[in-house]
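Here are my notes on the model, point by point. Please read them with the structure open.

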Amino acid sequence: MTQNTSAYTSSLLRLLSERGYIHQVTDAEGLDALAAKQIVPGYIGFDATAPSLHIGSLVQIMMLRRLQQTGHKPVVLMGGGTTRIGDPTGRDESRKMLSDQTIEDNIASIRQVFARLLTFGDGPTDAVMVNNHDWLGKLGYIELLQEVGTHFTVNRMLTFDSVKLRLDREQPMTFLEFNYMILQGYDFRHLALHSGVRLQMGGSDQWGNIVNGIELARRKDGQEVFGLTTPLLTTADGAKMGKTAAGAVWLNENALPAWDFWQYWRNVDDRDVGRFLRLFTDLPLDEIARLEALGGSEINAAKVVLANEVTKLVRGADAAAAAEATAAATFAGGGVGQDLPSLACPDGSIALVDALIGLGFAASRGEAKRLIAGGGARVEGQAITDEAHVIMLDAADVRISSGKKKHGVLRPA
């Protein structure tokens, strides 16, 4: 059930393979043949636990984009029902329960990013967004047990990593969470029956859940459906994609300013540039090969291209242009770009400690003082090591920096 290394005949699997999306396929030859002769509706599920997804989900969204680019139909499944349960995969504790209204609001907010990356409509290859609460919310408990209960064994469910890791750590898993994989399998079967979906995609940690759905569809309805997973996505230094020391890199503008989003991509490890260009941009492969071959300081030009291309896709061309202009003003020109985080100082002066906290560069006075003592705080490019330093503002903005990559502006009121 691993990736077929022979040449693919369908444009879908060729594109996914060339750009590095494929980790496992349940039946590569069967899926390849199907995609070569007809439109394949394929889906990925996203739970609505927050008003925005973060970049850890971007590779999945890009897979749906690739599906549409090769003439197939993306189905975005929002987990209005499963969000109420909580996917235990990769989690050490139970998920916080959210109200119905919060889940609905989160789905509406998340849709904004999908609207940028996919074309929605009523056409045969237009994307659609569905909500699994529409069918899971109507299921009776006895009905669910009768429909699918006999097709899932506890013995096998206990071998899944999502369950096994929690039990090995002696961390509680509620019966509610234990049911998640059953509901995900039910989703696949429902979409296959009622929407003609033939493919479920997801991260490598979803392999067991995807296979469950495939087996359920086959046993209950004789349906032939397929599964495809992406590799576990980490940065070159082994960190999980989407998380930084400063927190998650959110996709929505109101969750993370465009400047910070752009900066994340501009500052990636040199070793990640080519891989990220293939996964997260639409640039031709030959252009990507040229960019990732750049050596020394020239690789920074490739990083700017990466930052611009990803920001264009997720935030729009204007956001990318503004972020690049801010970077040029901040780093090359020594000025202060308009997109930098700013803090108004109505009193005409502010302690450096308070400025660092106000700009979000430190979470507490203690952290701010340690940053200053370590030489990491700069005012107009000059390192300040005096914890009691007070910044006087006249009529001009003052640039504050934390290390080499975080910059902000103090503005006189």
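1. In which sense do strand S11 and S12 pair, and over how many bridges? Strand S11 (residues 377–379) and S12 pair in the antiparallel sense, over two bridges. Arg-378 has Ala-383 in S12 as its bridge partner. Strands are DSSP runs (E, at least two residues), and helices are H or I runs of at least four, numbered from the N terminus. Two strands count as paired if DSSP finds at least two bridges between them.

2. Basis of these notes. This is a predicted model: local features need pLDDT of at least 70, side-chain atom pairs count only at pLDDT 80 or more, and totals for chains, interfaces and linings use all residues. Residues are numbered from 1 along each chain as its sequence is written, and side-chain values use heavy atoms, with hydrogens and water left out.

3. The open sheet. Five strands make it up, in the order S9-S15-S14-S11-S12, with mixed pairing. Strand S9 (342–345) and strand S12 (382–383) are the edge strands; each pairs on one side only.

4. Strand S5. Five of the five residues of S5 (residues 199–203) are buried, so this strand is largely enclosed by the rest of the structure. Buried means under 20% relative accessible area, exposed over 50%, and partly exposed in between (1.4 Å probe, protein chains only). Strand S2 (residues 41–46) runs parallel to S5 and is joined to it by two bridges. Gly-42 has Leu-199 as its bridge partner there. With strand S6 (residues 226–230), S5 pairs in the parallel sense over five bridges. Met-201 stands opposite Leu-228 in S6.

5. Cores. A nonpolar core is a set of buried Ala, Val, Leu, Ile, Met, Phe, Trp, Tyr and Cys residues joined through side-chain atoms within 4.5 Å. The largest has 68 residues; Leu-58, Phe-114, Leu-228, Trp-265 and Phe-280 have the most contacts inside it. Apart from it lies another core, of 27 residues, with Tyr-180 and Ile-210 among them.

6. Gln-60. This residue is found in helix H3 (residues 58–69). Is Gln-60 buried or exposed? It counts as buried, at 10% relative accessibility. Leaving out residues up to four places away in sequence, Gln-60 touches Ile-44, Phe-46, Gly-202, Gly-203 and Thr-230. Contact here means heavy atoms within 4.5 Å.

7. Helix H6. Ile-142 is found in helix H6 (residues 141–148). At 54% relative accessibility, Ile-142 counts as exposed.
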